[in-house]
Protein chains: 2
Amino acid sequence: MDSRQNRQIVLVSRPVGVPEPHHFEVRNTPLVSPEDGQFLLENLYLSVDPAQRGYVNDENNYAPPVPIGAVMRAMAVGRVIESRHPDFQAGEYLYGWFGWQDYWVGGPEALLRRVDPSQAPLSAGAGLLGINGLTAWLALHEVGRPMANNTVVVTAAAGAVGSLVGQLAKLAGCRTVAVVGSDEKGELCLSRYGYDAYVNYRQPLEEALSRACPEGVDLFFDNVAGTIADTVIRRMNLFGRVVQCGTMSIPVWIPPPQGPRFEREVLTRRLRIEGFVIFDHIARFDQAAAELAQLLKSGKLHYDEDIETDLARAPQALVDVYEGRNRGKKLIRLRE
Amino acid sequence: MDSRQNRQIVLVSRPVGVPEPHHFEVRNTPLVSPEDGQFLLENLYLSVDPAQRGYVNDENNYAPPVPIGAVMRAMAVGRVIESRHPDFQAGEYLYGWFGWQDYWVGGPEALLRRVDPSQAPLSAGAGLLGINGLTAWLALHEVGRPMANNTVVVTAAAGAVGSLVGQLAKLAGCRTVAVVGSDEKGELCLSRYGYDAYVNYRQPLEEALSRACPEGVDLFFDNVAGTIADTVIRRMNLFGRVVQCGTMSIPVWIPPPQGPRFEREVLTRRLRIEGFVIFDHIARFDQAAAELAQLLKSGKLHYDEDIETDLARAPQALVDVYEGRNRGKKLIRLRE
């Protein structure tokens, strides 16, 4: 047994919908040493992601829910400080399922990718070169398949994924339209993320969308679902593609909420609606990250981070993300 | 001006939902002669299709609605009896947009494909080798992409498309489950169309579907939409595909009816939902028809026809199709 303590954020009750701080507790546990085939790392940057709602709710999802009493599932960038695995050395940086905690002990099954500090700042390993950038890149190119002069609409467009999708679609020759919840975020989308237009969904959406997309929508990159998505889908062109990347606007899915049926839209305009989960694409992470790092170095890509430094605030940071109060990728920095 | 009369079924008022006989009239008009670049044909087999509801309703569709006072839009197999176009000779059989009428005069813009009487009986040119078989073949293979041991669920499974989809999916190595509106049709699906199981949607559907698909659904070929489709989609497996080929269970789409939202199903199980309209695939008609004709000749494919001979009954025949009273592809035979 190691003498160090490991601070952990533990799930203590099962939320319905978006988890709140009272669903979590801070727990101090003695740090265990790595066994053969394991390594110990210290977390540097913890990720705070909308997908974490799905990790704690007891409803159908792409992974079983976090058990009550367990450390909150989260991705993080960490540094190996002790290794008993031949493929990992102390001093290496890794990105993986290391949880909302100070330290992590285990084997390579938790690894998502190795982080190369020469590619980009370490924090980018959890955002731009982590699931946010990888999602933007792979979902846009492999599912959305943008073509020159397409009109691309992105929801949660100022967010960690949406801000990158807009820039990548623009680089692919598209006209980009941001859907956001405030004019302030809309202006940010225009000035920093290169969007051609924005729509504030708190205004009458149908009119605003008609003005922003006079030639309809070819590709809809949807992070929110619900009534905003309903309005976009009804403006889609023949052979339009919908990338279902998130469902952030709807907190509870059991029982499923009602909405307008889409079968006739899908049929008559030959729409393709497809779900995207980044973990199906791990084999392509390094290639996509290399392309993103190259764009970053050549000044063609901007990303923003919203960093806190108090581990205990992680649950509140997640609420903030759900309420749109973050300004860029939300991270908890534990160490430099 | 030709001295012959052309009997035509004309749309006289705009229906909401499924058209009824009173929306049509029989009109006798003098037959006009073909001009340069045109040909005259006599219709042999008129097609009666669920898609015709969409042709007469004034709602979004893949073609503008049939104008009031115009001949009802329909596909038919006809024989050229006079030609002033160098590519068409008297005696040739053609399949195209020749309408619910005795004769058709015009140019090649109405043609869908040439009918070769050595491939199959002439009537098959409007069904098995016409849009029904072509839809089954192309939608199943190009959008559905069946894989061996997939569980494939087909709605309107005893219908002109569904009966063929089941057989083709079976030939692709799949397990096939028919959804039908009566046990009589279910038994037909098992005995004649080779389905492995059937579900009568007038019984409690969720239980019946669970029994028929114990390992979930990989491919859903949907001709009906609505509550039946809702139940199937919730049983779909990871990476499941939905071919949206028809929406027959829902007569009126303006305003859109409500149903359970699917974004979460699509996202978490990476479903792909895609609309299919056969007229996007005209370039592949002859190839697909040749494959279907080959299967027919080798005894691997069965199809059924439900033939009437009274042109004036065409509107009632369409109602019958909507109410499931046909037994196979519905056709009006005007001549041999």
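In chain A, the centres of domain 1 and domain 2, taken over C-alpha atoms, are separated by 28 Å. The contact between them takes 24 residues from domain 1 of chain A and 18 residues from domain 2 of chain A. The assignment behind these names places residues 5-127 + 304-333 of chain A in domain 1 and residues 131-279 in domain 2. The model is predicted, and local features are given where pLDDT is at least 70.

In soluble globular proteins, nonpolar side chains tend to be buried together. Here the largest nonpolar core has 85 residues, and the members that touch the most other members are Trp100(B), Leu128(B) and Phe221(B). Helix α2 of chain B, residues 131-144, gives the most to this core, contributing 8 residues. The core draws at least three residues from each of domain 1 (5-127 + 304-333) and domain 2 (131-279) of chain B. Another core, of 81 residues, lies apart from it; among its members are Ala110(A), Ala289(A), Leu311(A) and Ala317(A).

Two packed helices are described by the angle between their axes and the distance between the axes. In chain B, α2(B) packs with α8(B) at an angle of about 100°, and their axes are 9 Å apart. Angles of 65 to 115 degrees count as roughly perpendicular, and α2(B) and α8(B) are therefore roughly perpendicular to each other. On the α2(B) side the contact is made by Gly133(B), Leu134(B), Trp137(B) and Leu138(B). The α8(B) side supplies Phe285(B), Ala288(B), Ala289(B), Glu291(B), Leu292(B) and Leu295(B). An α-helix has 3.6 residues a turn, so residues three or four places apart point the same way.

In chain A, helix α2 (residues 131-144) packs with helix α3 (residues 162-171) at an angle of about 40°, with their axes 9 Å apart. These two helices, α2(A) and α3(A), are therefore oblique to each other. The crossing in which α2(A) passes α3(A) is right-handed. From α2(A), the residues that meet α3(A) are Asn132(A), Gly133(A), Ala136(A), Trp137(A) and Leu140(A). Their partners in α3(A) are Leu164(A), Val165(A), Leu168(A) and Ala169(A).

How much of α3 in chain B is buried? Of the 10 residues in helix α3 of chain B (residues 162-171), 8 are buried, so this helix is largely enclosed by the rest of the structure. The buried residues of α3(B) are Gly162(B), Ser163(B), Leu164(B), Val165(B), Gly166(B), Gln167(B), Leu168(B) and Ala169(B). The cover over them includes α2, β8 (151-155), β9 (175-180), β11 (217-222) and α8 (285-297) of chain B. After α3(B) comes Gly173(B), with a positive phi near 90°.

With a relative accessible area of 4%, Gly107(A) is buried, since buried means under 20%. Asp36(A) is 71 residues away from Gly107(A) along the chain, and the C-alpha atoms of the two are separated by 9.0 Å. Leaving aside neighbours within four places in sequence, Gly107(A) is in contact with Gly37(A), Gln38(A) and Phe39(A).

Some backbone details remain. The peptide bond from Ile254(A) to Pro255(A) is cis, with omega near -5°. Pro255(A) is in the loop between β12 (236-244) and β13 (258-260) of chain A. In chain B, a cis peptide bond joins Ile254(B) and Pro255(B), with omega about -5°. Pro255(B) lies in the loop between β12 (236-244) and β13 (258-260) of chain B.

Two residues other than glycine have a positive phi and can be read together. For Asn149(A), phi is near 75°. Asn149(A) is in the loop between α2 and β8 (151-155) of chain A, and at 66% relative accessibility it counts as exposed. For Phe239(B), phi is positive at about 60°. Phe239(B) is found in strand β12 of chain B, and at 42% relative accessibility this residue counts as partly exposed.

Notes
Residues are numbered from 1 along each chain as its sequence is written. Chains are lettered from A and ligands numbered from 1 in the order in which they are written. This is a predicted model: local features need pLDDT of at least 70, side-chain atom pairs count only at pLDDT 80 or more; totals for chains, interfaces and linings use all residues. Side-chain values use heavy atoms; hydrogens and water are left out. A nonpolar core is a set of buried Ala, Val, Leu, Ile, Met, Phe, Trp, Tyr and Cys residues joined through side-chain atoms within 4.5 Å. Buried means under 20% relative accessible area, exposed over 50%, partly exposed in between (1.4 Å probe, protein chains only). Helices (H or I, at least four residues) and strands (E, at least two) are DSSP runs, numbered from the N terminus. Domain bounds come from an automatic or database domain assignment. Axes are lines fitted to C-alpha atoms, for helices over the stretch in contact, and angles run from 0 to 180 degrees between N-to-C directions. Angles under 35 degrees count as roughly parallel, over 145 as roughly antiparallel, 65 to 115 as roughly perpendicular and the rest as oblique. A crossing is left-handed if the near helix is turned anticlockwise from the far one by less than a right angle, and right-handed if clockwise. Contact means heavy atoms within 4.5 Å.
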